[in-house]
Amino acid sequence: MLPLSAPVLAFALLACGPSYSDVARTDTIEAYEAFLQADPDSAYTNPIEKRLEELYWDKAVAADSLDGWAEYTKRWEGTKAKRYPDALGKHAQFAWNQAL
């Protein structure tokens, strides 16, 4: 049996999961999070994180409840957002105002 080279092995591993276009077509929180868990260093990490923010925001707006806003803000616990307090911007302020 011939050993696999690193590029061939990487391609084989990536081929096992859904492609970014498949995940984008599905456009759900669960699909994006599963993609990032399977490939945390993906070239698509930034657009996926941006889309996740939008989806979580929409979910909190639709719930329009204290629990919905708590779930939205809890998402940021233990993340870089603590180091960058402006990262949440208007969304955090709006969520806070809605919770009050």
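Author: Let's start with a term: a residue is buried under 20% relative accessible area, exposed over 50%, and partly exposed in between (1.4 Å probe, protein chains only). This is a predicted model, where local features need pLDDT of at least 70, side-chain atom pairs count only at pLDDT 80 or more, and totals for chains, interfaces and linings use all residues. Residues are numbered from 1 along each chain as its sequence is written, and side-chain values use heavy atoms, with hydrogens and water left out.

Reader: Okay, is Phe35 buried or exposed?

Author: Check its relative accessibility, which is 9%. The cut-off for buried is under 20%. So Phe35 counts as buried.

Reader: How do the rings of Tyr20 and Phe35 pair?

Author: Rings of Phe, Tyr and Trp (its six-membered ring) pair if their centres lie within 6.5 Å; planes under 30 degrees apart are stacked, over 60 edge-to-face, and the rest tilted. By this rule there are five aromatic pairs. In one of them, the centres of Tyr20 and Phe35 sit 6.3 Å apart with planes at 70 degrees, so the pair is edge-to-face.

Reader: Which helix holds Phe35?

Author: Helices here are DSSP runs (H or I, at least four residues), numbered from the N terminus. Tyr20 is in helix H2 (residues 20-26), 15 residues apart from its partner. Phe35 belongs to residues 29-38, helix H3.

Reader: And what is the relative accessible area of Tyr72?

Author: Tyr72 pairs edge-to-face with Trp57, because their planes are at 70 degrees and their centres 5.5 Å apart. Trp57 is buried at 16%. Tyr72 is buried too, and its relative accessible area is 2%.

Key:
Helix = DSSP H or I, 4+ residues; strand = E, 2+ residues; numbered from the N terminus.
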